[in-house]
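Subject: A structure to look through

Dear colleague,

I am handing over the structure that follows, and below it I have set out what was found. Please read the notes with the model open beside you.

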Amino acid sequence: MIPEFRGIYVVSEDTHDCNGSLVLRRKKKMLQYPSADIISTVEFNNTGELLATGDKGGRVVIFQREQESKNQPHRRGEYNVYSTFQSHEPEFDYLKSLEIEEKINKIRWLPQQNAAYFLLSTNDKTVKLWKVSERDKRPEGYNLKDEEGRLRDPCTITSLRVPVLRPMDLMVEATPRRVFSNAHTYHINSISVNSDFETYMSADDLRINLWNLEITNRSFNIVDIKPTNMEELTEVITAAEFHPHHCNTFVYSSSKGTIRLCDMRSSALCDKHSKLFEEPEDPSNRSFFSEIISSISDVKFNHSGRYIMTRDYLTVKVWDLNMENRPIETYQVHDYLRSKLCSLYENDCIFDKFECVWNGSDSVIMTGSYNNFFRMFDRNTKRDVTLEASRENSKPRAILKPRKVCVGGKRRKDEISVDSLDFSKKILHTAWHPSENIIAVAATNNLYIFQDKVN
Amino acid sequence: MDTMFTRGIKRKCLDPEVIDGALVDLKTLPSYTLERQSMLDMSLVKLQLCHMLVEPNLCRSVLIANTVRQIQEEMTQDGSWQFFHAHQTSEPAPVDRLVSTEILCRPKDQSEEKHIDDTYITYSEELEVQETQEISEFSTVASVKAAQNGSSSFWEIEGPQENRVNLQKSIDHIFETLENKNTNSMEDLFSEVDTTYYDLDTVLTGMMGSSKMGHCDVLENLPPSPAPTNCKAELNEIDHIVEILVES
């Protein structure tokens, strides 16, 4: 069922503009992202307390939300750097004479089970399980080694000591706990933790593998679309995700614009899908670019698992798992680009992979566009808004002004024409806090965090 | 050119009845054929660049290859593919090889030599079979492109007269190469076609002469519908030339 819209944007009077459009209050000017590198993924953990980003340099930066304190009540909700670590290093495949980029393609958090946090991060070929834990005490007074950790000469040990824990400055440590390698020939585009929390899957262009989080030397191939003759290859896997509650069900999307739902109970190798979601092509819109723009760049289950959202080049679609022949909702993200497809093909922008996210209550969906614009669609009121993530356009704590792109006709003062859009500024990755209206928007090497509340 | 590449909409803005009252298949319209050709050229360049990488973005490569396949299928249906195909050999990597996704994701050095040989043999066979057909295809494409001359200053880089001279030269080239055809001197054969192709390219599309302009700009500069009468006249004229050439 579609959840009820609870007016989540209407928190205080000045959070909506004169038209009553969706408005998010800008929380901070911009998060200080340590040294500039292009952010390649953004992900909140299950409580929203932590926010992880991965970048092109193979780094993972984790931000932690400031806890409310009596002396600084206004600081509630600000995210500060909690831990930074190098997750992946550039590698060289000597057999293929090929450099493996360190760029983090995806990060997925595991649900928290003890004081430590766990996350999976992946580059093109290798998935790693990282443990992020705090330490504020250290043991002192060992018998067999000195303070620097050097072993002592046993002859000098004359008495027995009991080591003690002494407090020290808080330290956040990230340690690689598992390295899942050598299972992907092609580039990994997705990882998804199963609802059993024991297994996860990793998907590349042609195959999907199922792993146990404890076992690194073996994985099960659950989908393989590689044709025996590679010359017949016409379709690739673009994204994959587990159902949020049914551990046997997962979906994967393809470059032909289809979504396949598979049931792992039916067979070990899910070559035959249980459901195929596909919308028949509108013949009036047919062009050379039809297939390219229908290629799905992201697929996400909603929180209940009843719906799936897909993003293709020009639209976001919401599908009901019970209806395969067409989506129940289609939202135009930037339809004005339809007339620009030739140029976008020429400059390769048409192959950009935009992601999409649900808000906590599944009533609003968000996805990125060009010119540092990102879009939100209210599924109940059918209202939509275009916002901009930029340093220049808004003062700290000021309301984000909705932006408009001029489509034909005369351009109004506050509008921006399609021709002046900057296609090098693209918002591919965004994240929405699991329960609150806090969003994280990655714009090249800047991370913007917006929220609806006024502190 | 908001309607560029959108067949459905194009149908509306270009009333088929204008053209001699007869229904004209949209796919044979000059502007459409030219758009398709540019799209094909652009895609082939992209595929060629994919080949230079050991591990290109597979999704992108597959999408481009599918686009080329789609255009190829369409051109095969309306007969213009054979023409293009025959002249494609001048490219370092022929179309079939580019479209083949296997090559896209495997190290380049494997069986490269063998593959090229195979392809060349296929081409030579096709040249033989389609010798006559090719000429008529050629005329279609030529007329289509020549038709643009009258309506846009951009196309006046080379006058129509010169065009015809070059056209004749090119066709002579084809005959020459066909006559000299000899499986042992394959390389010579295609080096001949090589220059022919580029000459044709310059003459017919003006692409070479205006490196500053992208494919899209070229298209955007074209009028949405060339003057129908002019087009028809040109078409007949060049058909006639080709007829004479074939007969001689």
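**Two loop residues in chain A**

A:Asp348 sits in the loop between H2 and strand E24 (356-358) of chain A, where helices (H or I, at least four residues) and strands (E, at least two) are DSSP runs numbered from the N terminus. Its phi is positive, about 75 degrees, although A:Asp348 is not a glycine. With a relative accessibility of 23%, A:Asp348 counts as partly exposed, a class that lies between buried (under 20% relative accessible area) and exposed (over 50%), using a 1.4 Å probe and protein chains only. A:Lys382, which is in the loop between strand E26 (373-378) and strand E27 (384-388) of chain A, also has a positive phi, near 65 degrees, and is a residue other than glycine. A:Lys382 is partly exposed too, its relative accessible area being 48%.

Before going on, please note that this is a predicted model, in which local features need pLDDT of at least 70 and side-chain atom pairs count only at pLDDT 80 or more, while totals for chains, interfaces and linings use all residues. Residues are numbered from 1 along each chain as its sequence is written, chains are lettered from A and ligands numbered from 1 in the order in which they are written, and side-chain values use heavy atoms, with hydrogens and water left out.

**Chain A as a whole**

Chain A has two helices and 32 strands, and 52% of its 455 residues count as buried. If we take contacts (heavy atoms within 4.5 Å) between residues of chain A at least 6 apart in sequence, 55% of them join residues at least 24 apart. A:Leu447 belongs to strand E32 (residues 446-451) of chain A, and A:Leu447 counts as buried because its relative accessibility is 0%.

Strand E22 (residues 315-320) of chain A runs antiparallel to E23(A), and four bridges join the two; strands pair if DSSP finds at least two bridges between them. Within this pair, A:Val316 stands opposite A:Tyr331 in E23(A). Strand E23 (residues 329-332) has a covered face made of A:Glu329 and A:Tyr331, and an uncovered one made of A:Thr330 and A:Gln332. In a regular strand the side chains alternate between the two faces of the sheet.

**The nonpolar cores and chain B**

A nonpolar core is a set of buried Ala, Val, Leu, Ile, Met, Phe, Trp, Tyr and Cys residues joined through side-chain atoms within 4.5 Å. The largest one has 46 residues, and those touching the most other members are A:Phe289, A:Tyr313, A:Leu337, A:Leu344, A:Tyr345, A:Ile350 and A:Leu421. At least two residues of this core come from each of helix H1 (290-294) and helix H2 (341-346) of chain A, and helix H2 (30-52) and helix H3 (58-78) of chain B. H3(B) supplies the largest share of this core, nine residues. Another core, of 16 residues, lies apart from it and includes A:Val364, A:Met376, A:Leu387 and A:Tyr448.

How many of the 23 residues of H2(B) are buried? The helix is mostly covered, with 20 of them buried.

Best wishes
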